[in-house]
Amino acid sequence: MLVSLFSLFCFRCKEERPTVTVKMTGTMPIVTQSCTSCGEDSYAWPSQPFVFGKYPTGNILLSFGILISGISLSKTLLLFKHIGLSMFSGRAYHQHQKKYLVPFILRYWESYRQRLINLLKGEKNAVWSGDGRYDSMGHSAKYGAHTMFCNTINKLVHFELLQSK
Ligand SMILES: [Zn+2]
């Protein structure tokens, strides 16, 4: 549908029937018109805005959605393949995760936790629950998680991942 729309006329000089090519960058098509009157690549339309200078927003948002919902990357890639949707590679996903998602989530968590701690500093009768878990079903024998939950505000305030030795 995009190709038929962009084939109507050159968006720069209005010349009829330009040649149209579509290049995919992950989930984003970039439609380019080449026109006989104003030359090759006369008009290019990326279908998404960019974030961090060069990444199509939809690609980063999709990586974020996969990570935050806990669904499997390989099954997501398979789903996109089966319904014929363009998608970035598994390598790109890991790059998004390492470069942007994990650092941003960590930064958010740290500021969120600091806000909770500041709130609780004024609370004289705070009730706390704490627990540690090692080697239970489906969890690692090497690492464990200690969690501190504040019953007064019904929020998880702190957790530590520790090696069992
Ligand atoms: Zn033109």
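The structure is a predicted model, in which local features need pLDDT of at least 70, side-chain atom pairs count only at pLDDT 80 or more, and totals for chains, interfaces and linings use all residues. Residues are numbered from 1 along each chain as its sequence is written, and side-chain values use heavy atoms, with hydrogens and water left out.

**Zinc site**

Cys10, Cys13, Cys35 and Cys38 coordinate the zinc ion through their SG atoms at 2.2 to 2.4 Å, donors being N, O and S atoms within 2.8 Å of the metal (3.2 Å for Na, K and Ca). Their spacing in sequence is C-x2-C-x21-C-x2-C. The table gives relative accessible areas for two of these residues; buried means under 20%, exposed over 50%, and partly exposed in between (1.4 Å probe, protein chains only).

| Residue | Relative accessible area | Class |
|---|---|---|
| Cys35 | 5% | buried |
| Cys38 | 25% | partly exposed |

The whole structure contains zero disulfides, a disulfide being a pair of cysteine sulfur atoms within 2.5 Å.

**Overall fold**

The protein chain has four helices and eight strands, taken as DSSP runs (H or I, at least four residues; E, at least two). Its radius of gyration over C-alpha atoms is 25 Å, well over the 15 Å from the globule rule for 165 residues, so the chain is more spread out than a compact globule. That rule is 2.2 Å times the number of residues to the power 0.38. The C-alpha atoms fill a box of roughly 75 × 40 × 25 Å along the principal axes.
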